[in-house]
Amino acid sequence: MQILPSGLVVPPLPYAITLAALSVAAVAALYLLDPPVTARQTLALSPWMVAGGAFHALYQAGLVLDPLEPFFAAPAVYVTTFVLAAGVWLPAVVRAQMLDDPAPIARHLGIVGGALVLALTALAYAFAAGRVDSTTALVWLPLGFLGAAVLTAPVYYLVALKWTAAVDHAGVAGPLVVFAHALDGFSTAIGVDVVGTGERTPIPRRIMDFAETLPTYPYIGKGWLFAAVKLVVAAGIVVLLADLVEEEPTQGNVLFAFVAAVGMGPAANNLFLFLIGPAI
């Protein structure tokens with residue numbers, strides 16, 4: 001049975017060695033510096049998650065220079081984005097330790113990551129402006145983030161009512177995780193039910209194949225069930241990891257960042273692709 005998404009590409013050996021060496025060096029440096037990873041830092045990493053999805057969309061649209069293409073194919077793009085983020089993270093950690101103040105770490109990560117996302121968004125819109133036949137394609141990106149926020153708010157409110165202590169322990173990383181997976185589910189639903197895209201990942205495809213057999217399919221499509229599953233799973237993960245964040249903040253927040261990235265990266269890739277389209 002197929003487990004991994006289709007379309008994964010193993011980069012040529014020189015690129016693979018380069019990425020492996022850089023990522024191992026980054027992880028080793030972070031391990032040796034041993035910076036505290038806070039919920040604010042997890043939140044500050046969210047623009048980098050979006051950037052990873054955007055980078056891959058630009059690659060899929062043929063907008064990446066040929067010598068750099070292997071760095072931005074999947075799954076290499078995730079490692080590339082981590083290495084770029086580490087290039088900002090490590091100097092910020094060194095400076096914070098010199099000043100004995102960890103607060104600027106999140107600020108530096110967020111500002112540089114946010115600027116990168118703005119630059120990638122501007123590039124995507126500049127490309128799409130002269131290509132799209134309908135202005136509808138231009139609204140999917142902001143609409144996706146807005147729709148995910150609308151889904152996240154009531155779900156997280158209900159979680160907070162039932163598991164108040166867990167929500168307190170999770171801090172801002174908790175709603176980030178739920179938002180990331182709401183974004184993934186919502187963007188996937190837009191893709192399969194409105195835009196008319198396919199689904200490359202086997203498990204979501206099976207969920208939506210089941211939704212297609214339900215009597216609700218002619219009225220609300222099939223993507224809603226995947227979005228609902230994502231929201232429930234994400235909320236459950238927040239509750240399960242909350243105690244770990246309380247006991248081991250660095251380990252817990254790193255896990256929260258990883259879980260958020262698993263949803264945010266593919267979601268951003270969906271939305272940027274709706275804007276610029278694949279290569280023709």
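In which loop does Pro75 lie? Pro75 belongs to the loop between α4 (69-72) and α5, where helices are DSSP runs of H or I with at least four residues, numbered from the N terminus. The peptide bond that joins Ala74 and Pro75 is cis, with omega of about 10°.

The model is a predicted one, in which local features need pLDDT of at least 70 and side-chain atom pairs count only at pLDDT 80 or more, while totals for chains, interfaces and linings use all residues. Residues are numbered from 1 along each chain as its sequence is written, and side-chain values use heavy atoms, with hydrogens and water left out.

Helix α5 (residues 76-99) packs with helix α1 (residues 13-33) at an angle of about 30°, and their axes are 9 Å apart. Axes here are lines fitted to C-alpha atoms, for helices over the stretch in contact, and angles run from 0 to 180 degrees between N-to-C directions. Because angles under 35 degrees count as roughly parallel and those over 145 as roughly antiparallel (65 to 115 being roughly perpendicular and the rest oblique), α1 and α5 are roughly parallel to each other. On the side of α1, the contact (heavy atoms within 4.5 Å) includes Leu19, Leu22 and Ser23, and on the side of α5 it includes Val79, Phe82 and Trp89. By class, the contact has 16 nonpolar, 3 polar and no charged residues; Ala, Val, Leu, Ile, Met, Phe, Trp, Tyr, Cys and Pro count as nonpolar, Asp, Glu, Lys and Arg as charged, and the others, Gly among them, as polar.

Asp34, in the loop between α1 and α2, has phi near 50°, a positive value in a residue other than glycine. Asp34 counts as exposed at 56% relative accessibility, given that exposed means over 50% relative accessible area, buried under 20% and partly exposed in between (1.4 Å probe, protein chains only). Asp100 is placed in the loop between α5 and α6 (103-129); its phi is near 55°, and it is exposed as well, with a relative accessible area of 69%.

Thr42, by contrast, lies in helix α2 (residues 39-44) and is buried at 1% relative accessibility. Apart from neighbours within four places in sequence, Thr42 is in contact with Val37, Met49, Ala173, Leu176, Asn253, Phe256 and Ala257. Helix α3 (residues 46-60) has 15 residues and spans 22 Å from its first C-alpha to its last, close to the 21 Å expected at 1.5 Å a residue, the expected span being 1.5 Å times one less than the number of residues. Of the 15 residues of α3, 14 are buried. Just after α3, Gly62 adopts a positive phi of about 75°.

Pro204 lies in helix α10 (residues 202-211) and is buried, with a relative accessible area of 10%. The C-alpha atoms of Pro204 and Gly185, 19 residues apart along the chain, are separated by 9.3 Å.

Conventions
Helices (H or I, at least four residues) and strands (E, at least two) are DSSP runs, numbered from the N terminus.
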